[in-house]
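Please take me through this model as a tour in the viewer, telling me what to select at each stop and what is to be found there.

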There are 2 protein chains.
Amino acid sequence: MSVTAAQGFTAAGIAAGIKENGNPDLALVVNDGPRHAAAGVFTSNRVKAAPVLWSEQVLKGGEVSAVVLNSGGANACTGPKGFQDTHATAEKAAQVLEGHSAGEIAVASTGLIGVLLPMDKLLPGIDKAAAELSAHGGEKAAIAIMTTDTVHKTAVVTRDGWTVGGMAKGAGMLAPGLATMLVVLTTDADVDSAGLDEALRDATRVTFDRVDSDGCMSTNDTVLLLASGASGITPDHDEFADAVRAVCDDLARRLIGDAEGASKDIRIEVVNAASEDDAVEVGRSIARNNLLKCAVHGEDPNWGRVLSAIGTTGAVFEPDRLNVAINGVWVCRNGSVGEDRELVDMRYREVRITADLAAGAESAVIWANDLTADYVHENSAYSS
Amino acid sequence: MSVTAAQGFTAAGIAAGIKENGNPDLALVVNDGPRHAAAGVFTSNRVKAAPVLWSEQVLKGGEVSAVVLNSGGANACTGPKGFQDTHATAEKAAQVLEGHSAGEIAVASTGLIGVLLPMDKLLPGIDKAAAELSAHGGEKAAIAIMTTDTVHKTAVVTRDGWTVGGMAKGAGMLAPGLATMLVVLTTDADVDSAGLDEALRDATRVTFDRVDSDGCMSTNDTVLLLASGASGITPDHDEFADAVRAVCDDLARRLIGDAEGASKDIRIEVVNAASEDDAVEVGRSIARNNLLKCAVHGEDPNWGRVLSAIGTTGAVFEPDRLNVAINGVWVCRNGSVGEDRELVDMRYREVRITADLAAGAESAVIWANDLTADYVHENSAYSS
């Protein structure tokens with residue numbers, strides 16, 4: 001399963017000693033071909049980690065033969081030495097795997113910002129991981145990239161003779177552009193890098209880009225899609241894009257479901273917006289409102305905080321035409337008091353907020369989490 | 001003191017029964033002249049409370065003879081009935097005070113959004129407050145506008161023969177444009193409404209607008225400046241503007257110092273920015289980063305989260321030239337590891353973060369708070 005569900009891929013996940021607690025911390029994903037087409041999407045944060053800068057360059061060639069991923073250190077804000085370390089990682093993998101150049105090896109890192117990676121442990125770890133490469137190694141690879149994740153995250157969609165599978169990590173610093181995450185998707189469909197790129201961008205735009213756990217944008221976000229072509233099948237583009245989106249959607253939902261300290265997953269649907277951009281802007285503003293996030297944690301259908309968040313946006317709407325439903329109860333109608341808030345049942349983990357802008361026909365869904373004391377504890381008690 | 005420090009003003013604060021717990025909840029501030037010049041600044045939230053819509057109209061005339069303020073209910077998102085209630089409040093005050101029209105009575109409300117005010121209690125409260133009007137009533141008025149504030153907030157600056165004084169409330173939903181607050185400033189200087197307006201806008205731009213406790217923007221923010229002219233002195237404009245700014249700065253600092261659940265006041269100074277706008281944008285981005293706010297709560301000098309926040313902005317900077325100091329220790333230099341983070345002492349309530357963009361000569365200071373479990377508890381345990 002995971003990144004080895006598709007034919008033509010092997011993977012491994014091992015403990016290289018990067019994490020002090022001895023947990024798995026190094027993953028290797030290898031595309032055995034025959035094709036090595038690839039596409040990638042990276043953080044839009046202008047402060048980018050060394051592996052992001054490296055992998056962006058690699059992806060420009062449209063070919064990736066392997067990905068080295070580590071947890072236990074983000075290798076971000078580490079200066080020229082950090083970049084040299086990423087380069088050395090790719091060189092080492094190219095040497096161990098044989099027949100590949102470092103320019104085809106993508107690298108991704110996650111963990112604390114501002115600390116150099118222990119290369120004396122990481123480089124030997126690549127030898128160890130290469131020795132354990134297997135067509136059943138996907139689960140172990142998914143486990144090795146976990147940081148504060150409580151579960152590893154994988155997803156697979158199989159269509160007529162071809163498959164898209166993937167793994168993801170991410171539990172904090174989840175926000176658009178993208179959620180803080182490392183994601184590797186693989187497929188045995190025979191698709192060129194341009195086709196992969198289009199499918200991947202279309203998918204991330206409506207999945208990972210619409211996950212906003214805590215409004216914080218990472219320096220390390222990386223989503224890669226690798227195609228081996230091993231199935232020998234070239235699917236219809238729309239069908240392929242749909243499969244990629246389905247896997248991304250599944251993984252994005254798992255990220256929200258495992259967000260640090262969260263007790264609620266909040267599905268924010270903005271409807272009747274004048275444009276999709278308006279719908280996304282309003283959805284994000286609601287998703288990032290700390291007071292609302294606290295209210296949801298307290299199971300309080302505090303729709304005034306929803307209106308207050310909508311009011312900070314530039315979207316097209318009239319305040320006295322806004323409607324808001326929480327878990328299906330229209331507690332706000334025409335910008336004022338609607339149905340009895342006592343009717344809202346917020347006991348379950350999923351909470352649905354619908355904001356009706358009454359200004360058009362477009363819509364968007366943003367996923368967020370509540371704000372909890374556990375989130376504060378987890379993010380104040382130790383550096384991450 | 002407070003709003004009655006300046007000559008020509010009387011005030012009162014009483015319990016009208018709007019708050020169920022019987023605490024003071026209605027304040028009245030009256031300008032006895034001879035001049036009734038006034039200026040006001042209001043929330044930039046597009047969802048505005050009824051009293052904001054009302055008072056914006058009143059201020060267009062440039063004259064305010066009295067202000068009625070209530071806690072215990074925001075009268076926001078209350079539809080046409082809510083606006084009628086504000087109108088009735090102004091009419092009642094005009095009738096009780098005699099010789100004034102409702103069009104000169106400003107109204108401000110604070111409390112839960114989406115609930116109609118109990119007018120059967122509020123209107124008789126105006127009679128009661130009018131009966132208690134006194135040149136020593138400023139403190140009681142400041143107490144009557146408190147919501148989750150733990151202390152009432154007042155400030156006074158006296159210059160050669162004239163005074164600027166004021167009161168403020170606000171403890172949550174503190175964010176620019178403006179912090180969630182009601183503020184009434186009074187002066188006995190003889191300044192016309194245009195002069196008041198210029199001084200007030202200049203002051204709020206660099207004080208209340210740069211306070212960002214929790215990133216949430218209120219529907220009710222109101223800052224009023226009333227001049228009685230009772231001193232008979234017309235100060236130099238710059239000197240007057242400086243006094244108004246000093247009072248605003250003092251009150252803004254008190255708001256941050258009493259923010260809901262906060263354990264730290266964070267002074268974020270952005271220096272060497274290409275423009276003041278850049279400095280403010282970067283300061284706000286740092287101020288709103290929940291992960292950083294948690295780290296400060298945990299007394300963790302996590303400068304990586306500062307860089308991550310800077311990276312989300314559009315400001316002019318090069319990632320490898322950024323420097324960050326926490327409490328005077330330059331923990332990040334040139335976008336990478338700087339001085340030993342162990343040197344940073346974060347035990348005290350005030351934490352100073354300096355972000356050096358190395359891109360110009362402009363600067364700005366933003367004040368924020370940490371994110372704590374107490375904040376979550378206070379904002380999830382009850383509706384506010």
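Select the two sides of the interface of chain A and chain B in this predicted model, and display the polar contacts, for which 14 residue pairs qualify across the interface, both residues of each pair being at pLDDT 80 or more. If you then look for salt bridges between chain A and chain B, the count is zero.

The area buried between chain A and chain B is about 4000 Å², with 57% of it on carbon and sulfur atoms. Pick out Arg46(A), Asn290(A) and Leu291(A), which together supply 16% of the area that chain A buries against chain B, more than any other three residues.

For the last stop, turn to the aromatic rings, where four pairs are counted over all chains. Select Trp162(B) and Phe240(B), whose ring centres are 5.8 Å apart and whose planes lie at 50°, so the pair is classed as tilted. Trp162(B) sits in the loop between strand 6 (153-158) and strand 7 (163-169) of chain B, while Phe240(B) belongs to helix 6 (residues 237-257) of chain B, so that the pair, 78 residues apart, links distant parts of the chain. Trp162(B) and Phe240(B) are both buried.

Note on methods
Residues are numbered from 1 along each chain as its sequence is written. Chains are lettered from A and ligands numbered from 1 in the order in which they are written. This is a predicted model: local features need pLDDT of at least 70, side-chain atom pairs count only at pLDDT 80 or more; totals for chains, interfaces and linings use all residues. Side-chain values use heavy atoms; hydrogens and water are left out. Buried area is the accessible area (1.4 Å probe) that two parts lose on being put together, summed over both. A salt bridge is a side-chain nitrogen of Lys or Arg within 4 Å of a carboxyl oxygen of Asp or Glu. A polar contact is a pair of N or O atoms within 3.5 Å; within protein, one must be able to donate a hydrogen and the other to accept it, and residues adjacent in sequence count only if both atoms are side-chain atoms. Rings of Phe, Tyr and Trp (its six-membered ring) pair if their centres lie within 6.5 Å; planes under 30 degrees apart count as stacked, over 60 as edge-to-face and the rest as tilted. Helices (H or I, at least four residues) and strands (E, at least two) are DSSP runs, numbered from the N terminus. Buried means under 20% relative accessible area, exposed over 50%, partly exposed in between (1.4 Å probe, protein chains only).
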